[in-house]
Amino acid sequence: MGNQTYPDNQRPCRGRNNWYRWSYVTAVILLCSMACSGIVIAHEPEDDQRAIILLHTNDLHFNIKHAGTMQDKISRFRDQYADVFLFDAGDFTIRPTRWAQRNIVSNADAYEKRMQIMVRNMNELGYHAAVLGNHELGYYKTVTRDLLRQADFPFLGANVMVSTDYFDEPKAYLVFKADGGMRLAVLGLCGGGFDNAEGIRLANVSDTVYNHRKLHDESHAFVLLTHIGVQKDRMLADEYGDLIDVIIGGHSHTLLNPPEMRNGVLIAQAGHGYNEREYLGVIRLIFDDEKNLIEKQGEVLIFKHETHTTSRFLHVEAPEIQLQQDHAGDKE
Ligand SMILES: [Zn+2]
């Protein structure tokens, strides 16, 4: 920030006007520095409270360019919090037909190679689960299925019905156990927009949530991991605010920073992964000593190459944060 110049400073000013001008400029610089460095005072959990951290990505589309930087960010949370879960909200691949259309690649070998690297990277980062995006559902022969089987983490999709041997049916939901006996239920919901996926059908997402409403009673936090786009996430929040605590979404490539609070539901989505920036969504859930969810907050860490960002939930000193609004309209 120190090298920034302001047109006003270039003109000679005198007396009180000059003092006021400098005070104003100093105040603006100070506020910008605080905002840009991510110095935000957040409520810290009391001794009798517990925190669960949910980290999330979406629409990586074969791109974890700076896996080392991503790993570093994730490790810092794992070092500081007992319960850290990492989820992907779908479309970590690019479907083969799309590649062919764009002439990015024209053969299955290249698709297979990229997919192998992607799954290996995700294994190394330690994902706990991913929901299937339309790009995964647009599978290629048995290649997609065989590579998904190499993942160390499960795939979710409660509304996916598979009637082919070319693709494995995903799990509907998972219940994770956290420190202190808390349970975190995660239900996966997939969206359409895939082709070349013979033998795969999708049920209505709203009906699917309703059919799994027991997860609300059987857990201390009920999370939807979706790949249906932010508009449908909002519809589900409007419809099921009394059941759902958090929706982690993908597909619309929307950067929600901070996440949206709608009808009591925290809706999060962390942009997409195919430009020079990397996005890591962070959600912190705080529970009281009776395991009631009493607070939920989120943010998206945005970083580039080896640039480090600070987090309001993490006590790490770092110089810089890239906070830019992304385009939220296009769908993949
Ligand atoms: Zn998608």
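**Note on the predicted fold**

1. Lys141 has a positive phi of about 40 degrees although it is not a glycine, and its place is in the loop between α6 (134-137) and α7 (143-148).

2. The model is predicted, so that local features need pLDDT of at least 70 and side-chain atom pairs count only at pLDDT 80 or more, whereas totals for chains, interfaces and linings use all residues. Residues are numbered from 1 along each chain as its sequence is written.

3. The protein has 10 helices and 14 strands, where helices (H or I, at least four residues) and strands (E, at least two) are DSSP runs numbered from the N terminus. Of its 332 residues, 41% are buried. Among contacts between residues at least 6 apart in sequence, 69% join residues at least 24 apart, a contact being two residues whose C-beta atoms, placed from the backbone, lie within 7 Å.

4. An open sheet of 6 strands has mixed pairing and the order β4-β3-β2-β1-β13-β14. Its edge strands are β4 (155-156) and β14, each of which pairs on one side only; two strands count as paired if DSSP finds at least two bridges between them. Strand β3 (residues 129-131) pairs with β4 in the parallel sense over 2 bridges, and Ala130 stands opposite Phe155 in β4.

5. Further along the sheet, strand β1 (residues 50-57) and β13 pair in the antiparallel sense over 7 bridges, with Leu55 opposite Val282 in β13. Strand β13 is mostly covered, as 9 of its 11 residues are buried.

6. Strand β13 (residues 277-287) also runs antiparallel to strand β14 (residues 293-304), to which 11 bridges join it, and the partner of Phe287 in β14 is Leu293. The hairpin of these two strands has 5 residues between them. In that loop lies Lys291, which has a positive phi of about 65 degrees although it is not a glycine. Lys291 is partly exposed, with 15 other C-beta atoms within 10 Å. For comparison, most residues other than glycine have a negative phi, and most peptide bonds are trans.

7. A cis peptide bond, with omega about 5 degrees, joins Asn257 and Pro258; the place of Pro258 is in the loop between β10 and β11.

8. In helix α10 (residues 230-239), the buried residues are Val230, Asp233, Leu236 and Ala237. Seen down the axis of α10, these residues fall within an arc of 115 degrees, so they line one face of the helix; the arc is that of the directions from the helix axis to the C-beta atoms. Gln231 and Asp238 are exposed on the other side. The cover over the buried residues of α10 includes α8 (205-211), β9 (221-227), β10 (246-248), β11 (260-262) and β12 (265-268).

9. Not counting residues up to four places away in sequence, Phe87 touches Leu54, His56, Tyr127, His128, Ala129, Ala130, Leu225 and Ile248.

Definitions and conventions
Buried ≥ 20, exposed ≤ 12 C-beta atoms within 10 Å, placed from the backbone.
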